[in-house]
Structures are given as C-alpha cells and as structure tokens.
Amino acid sequence: MPLANAINGRTKLVGVMGWPVEHSLSPQMHNAALAALGLNHCYVPLAVAPERLRDAVAGLRALDFVGCNVTVPHKQAVREYMQEISEEAQAVGAVNTLVRRGDGWAGYNSDVPGFLATLANTRFAPTTATEEGFECRGKRTLILGAGGAARGIIYALARSGATVVIVNRTPSRAEALAREMSLLFPGAALEALPLTPAALKKEAETAHLLVNTTTVGMWPETAHSLWPDELAYPPHLTLFDLIYNPLRTRLIAQAEAAGARTISGLKMLVYQGAFSFRWWFGVMPPVDVMYQVCLNELAANTRFAPTANTRFAPTKR
Ligand code: ATR
C-alpha cells in the first residue's frame, strides 16, 4: 500500500462523514489516488454523530475542505444543508458527495455514474470472470431489493433504457419504487414482483443482468444467498453483486459455478469514489491503483475476521 501523503503547511483536506466510519475503505483508496497524482491533499475519516451533522457540514466550510463524501446514515439528512442538489441525487434521494459551491455545498450522487461506469468498463482489474462491458439499452434487468441501495441502480438502469424488474421480499416496496421511477421516466419499462423461486425462475430465463442490492450474503452472514439452491443459475445471466465484503459472495460463487459473468461490488466502490474525485479535482484518478489498495485492505482484514469488532464491519460502502 502506498505511504500516506506527506502533509505540510499547504495540504488541503477532503474526507468522508459517517457514523460509524471506521470500516470505510475510502481513505486508503483516495489517499492512494492523491499520492499517485502528486496532489497535496489528504483524505480523512470524519466520525459525525447524527445530531452533529449540521455543525459538521458548516465546519467543513470553515476548515476549507475541498470536498467530502457522505455515507451511512447521513446520505438523506445531509440534503437539508446543501446549497443545491444535482438532478441525480434529487431523484435517488441521497447525497454522497459534497462539492464546493460558493460559500456552501452542492450535493451529488456518485453511485449512479459509478454503477454505469462499472458496467461499461469492467476491464481495469481482470480479477473476475467479467472481461467486457455490459450495454444496458434494451436489456432486461432483474434487481434484487427495493431499499436505499436499489434506488440509484434502478434510476441508472431506467435512464439508460433498460427494462427493470424489481424483485423484493416485501412486494409493496418494489411496487412503490417502480411507480416512483416511472414518474421520472414516463416511457421506461418498470415492473415489480415478489421475491419467490417461481418468479426468479421465470424472469431469469429472459433477463440479461441480475443485480443484488440487498445485504444478504454480506460479511459476517456469508453463507446466505437470495438465489434458491434448488434453482440452477442460468449461465447467460450476468451477475452484479453490490456487496464487496466478501469479494466472492455465495451468490457470486453460484453464478461462477454456472459459468455466468460476475461483477463484484468492489469495482463500483472504486468507480463511485473515482467520480467524487473527479468532481473535486477535475481529473479521473487511477482506478486500478484504487482497486488494488482496496483488494489489499480487504485481504488484510479478512485475515483478522471473523472476530467481532474488527475494523471491517459489515457494510456496503
Ligand atoms: P439499503 O439502504 O442497504 O438498501 P434497506 O433500505 O434496509 O437497506 O433495504 C434492504 C433491502 O434488502 C430491502 O429490499 C430488503 O427487503 P424488504 O424490503 O423486504 O425488507 C432486502 N432484504 C434484507 N434482508 C433480506 C432477506 N433476508 N431476504 C430478502 N430480502 C432482504
């Protein structure tokens, strides 16, 4: 892992606000990119209690931060303190990147471009079975889950001209999300189904892409998968699992065993970080460097798992 950037009197700050924030890979990933580009900035973790969010956002400006990422649980609440909010962040209902705007902040969401860039360009670290990009337009996509993480994915796919079938344990949530997204994209094809083996079997026959947006399979519950054991995974169905801890979820293992292409959530973590970086510094950072740093960090932390209280708490980003 690259050494921390040398800090001097001219060093400027960027960071990530979360609660907790100890698990975040963003400091390692961004500091590696800053070092690779020789930028005199430092990316710091900022543990911000929910009741301190307003003060923390004001403090960022006072401390002359260049920008900041925002993670759980602040992505919705932080919207209130923005000068303006991008169309994407507005539609997704979550801000994860603050960009300086006058004397305040503009709120952006890098999950949408991060997800699409991952699909379009999966080559930068050929450590998974996926070796080529996935073109969304006209494709049938199956989304597992209808929570916060699903919103950005569904928005991105609907905007890209894909058919989106939302499959969720609680069907009413899937229906509400499909309705909400069809208001944004009146011509888009959006459907909602309950999460049953029969629905998965039928939909999987014609779908091209399956995206897991749920937390099922995430460390430490790594034995779980929403794909039923009794159902053969179709080899034609590309799998994108947003989970990156573990890198190889049980669902990814099922898809790989069937010969399907798979994409790990770690690439999306890197790309969403890369878009934040570009908004702050105007250049695309070296995603391969960032990816390698995250891989190293995950491997190092896996060695210390499964003891409780490790640095790598179960989280998606
Ligand atoms: P996030 O913001 O990470 O998406 P969330 O809003 O709590 O978190 O949503 C979690 C998603 O995972 C939901 O779609 C949830 O299904 P429900 O809407 O039925 O709650 C899904 N999920 C979580 N645990 C699940 C499980 N054991 N089986 C099926 N779906 C599950």
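W279 counts as partly exposed, at 25% relative accessibility. Partly exposed means between the two other classes: buried is under 20% relative accessible area and exposed is over 50%, with a 1.4 Å probe and protein chains only. W279 pairs with Y108, and the pair is tilted, at 4.8 Å centre to centre and 35 degrees between the planes. Y108 counts as buried, at 19% relative accessibility.

This is a predicted model, in which local features need pLDDT of at least 70 and side-chain atom pairs count only at pLDDT 80 or more, while totals for chains, interfaces and linings use all residues. Residues are numbered from 1 along each chain as its sequence is written, and side-chain values use heavy atoms, with hydrogens and water left out.

**Aromatic pairs**

- Seven aromatic pairs turn up in a search of the whole structure.
- Rings of Phe, Tyr and Trp (its six-membered ring) pair if their centres lie within 6.5 Å; planes under 30 degrees apart count as stacked, over 60 as edge-to-face and the rest as tilted.
- Y108 sits in strand 6 (residues 104-108) and W279 in helix 9 (residues 265-281), so their pair ties together parts that are 171 residues apart in sequence.
- Helices (H or I, at least four residues) and strands (E, at least two) are DSSP runs, numbered from the N terminus.
- Y155 and F185 form a tilted pair, with 5.2 Å between centres and 55 degrees between the planes.
- This pair links distant parts of the chain, 30 residues apart: Y155 is in helix 5 (residues 148-159), and F185 is in the loop between helix 6 (171-184) and strand 9 (190-194).
- Both Y155 and F185 are buried.
- Y43, F277, W280 and F281 are linked into a cluster by ring pairs.

**A charge over a ring**

- K139 lies over the face of F134, 4.9 Å from the ring centre.
- A charge sits over a ring if NZ of Lys or CZ of Arg is within 6 Å of the ring centre and within 35 degrees of the ring normal.

**The ligand and its shell**

- The ligand has 14 residues around it, and A146, N168, R169, T170 and R173 come nearest.
- A residue is near a molecule or strand if one of its heavy atoms lies within 4 Å of it.
- The shell divides into five nonpolar, six polar and three charged residues.
- Ala, Val, Leu, Ile, Met, Phe, Trp, Tyr, Cys and Pro count as nonpolar; Asp, Glu, Lys and Arg count as charged; the others, Gly among them, count as polar.
- In the side chain of T170, an N or O atom is 2.5 Å from an oxygen atom of the ligand.
- R169 places a polar side-chain atom 2.9 Å from an oxygen atom of the ligand.
- G148 uses its backbone: an N or O atom there lies 3.1 Å from an oxygen atom of the ligand.
- Taken alone, the ligand exposes 640 Å², and the protein buries 69% of that.
- These accessible areas come from the Shrake-Rupley method with a 1.4 Å probe; for residues, only the protein chains shown count as cover.

**Helix 9**

- Q272 lies in helix 9 and counts as buried, at 6% relative accessibility.
- The side chain of Q272 reaches the backbone oxygen of L269 at 2.9 Å.
- Such a polar contact is a pair of N or O atoms within 3.5 Å; within protein, one must be able to donate a hydrogen and the other to accept it, and residues adjacent in sequence count only if both atoms are side-chain atoms.
- L266 is also placed in helix 9, and at 0% relative accessibility L266 counts as buried.
- L266 and L247 are 19 residues apart along the chain, and their C-alpha atoms are separated by 7.1 Å.

**Backbone geometry**

- Most residues other than glycine have a negative phi, and most peptide bonds are trans.
- The peptide bond from W19 to P20 is cis, with omega near 5 degrees.
- P20 lies in the loop between strand 1 (12-18) and helix 1 (26-37).
- W219 and P220 are also joined by a cis peptide bond, with omega about 10 degrees.
- P220 is in the loop between strand 10 (209-212) and strand 11 (238-241).
- D64 is not a glycine, yet has a positive phi of about 60 degrees.
- D64 lies in the loop between helix 2 (53-62) and strand 3 (67-70), and is partly exposed, with a relative accessible area of 27%.
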